[in-house]
Amino acid sequence: MLNLLLCLKKSKTIAERAFSDVKDFSHLQTKLEQSFSINGKAKSTLNNYLRCLAHLALHYNRSPEKLSVEHVQNYLYHAKTSQNTFREFL
């Protein structure tokens, strides 16, 4: 029965993976939530930002706050030129 329940559970979202695998990613979420709340941004916008940042964080296994501009540019180039469509990275 437990195996069946585990099979029925959906796999982790990209953001959930970043929360569990990348140090300080949850801190970034907290900062974004505060900023979005102050500026009246929608929850769906926050979720989209977090999804994009999760891809970046998992690619480098570091919080995006700790990445250089060069890291981000290299990631965007990689995403744009890879076999996957650019949207799959965002």
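This is a predicted model: local features need pLDDT of at least 70, side-chain atom pairs count only at pLDDT 80 or more; totals for chains, interfaces and linings use all residues.
Reader: Let's start with helix H3. What residues does it span, and how far does it reach?

Author: H3 covers residues 25-39, so to speak 15 residues, and reaches 21 Å from its first C-alpha to its last. That is close to the 21 Å expected at 1.5 Å a residue.

Reader: Which residues in H3 are buried?

Author: Phe-25, Leu-28, Leu-32 and Phe-36. They sit on the same side of H3, because they cover an arc of only 65° around the axis.

Reader: Why would residues spaced like that point the same way?

Author: An α-helix has 3.6 residues a turn, so residues three or four places apart point the same way.

Reader: OK, and what covers the buried residues of H3?

Author: Helix H2 (14-21) and H4 are among the elements covering them. Leu-32, for one, is in contact with Leu-46, Leu-50 and Leu-53, leaving aside neighbours within four places in sequence.

Reader: What's on the face turned away from the buried side?

Author: The exposed residues Ser-37 and Ile-38 are carried there.

Reader: Now the largest nonpolar core. How many residues make it up, and which elements give two or more?

Author: Twelve in all, including Val-22, Phe-25, Leu-46 and Ala-57. H2, H3 and H4 each give two or more residues to this core.

Reader: Switching to Ser-63: where is it, and is it buried or exposed?

Author: Ser-63 is in the loop between helix H4 (43-60) and helix H5 (69-81). It counts as buried because its relative accessibility is 1%, under the 20% cut-off.

Reader: What does Ser-63 touch?

Author: Val-22, Lys-23, Asp-24 and Leu-28, not counting residues up to four places away in sequence.

Conventions
Residues are numbered from 1 along each chain as its sequence is written. Side-chain values use heavy atoms; hydrogens and water are left out. Helices (H or I, at least four residues) and strands (E, at least two) are DSSP runs, numbered from the N terminus. Buried means under 20% relative accessible area, exposed over 50%, partly exposed in between (1.4 Å probe, protein chains only). Contact means heavy atoms within 4.5 Å. The expected span of a helix is 1.5 Å times one less than its number of residues. The arc is that of the directions from the helix axis to the C-beta atoms. A nonpolar core is a set of buried Ala, Val, Leu, Ile, Met, Phe, Trp, Tyr and Cys residues joined through side-chain atoms within 4.5 Å.
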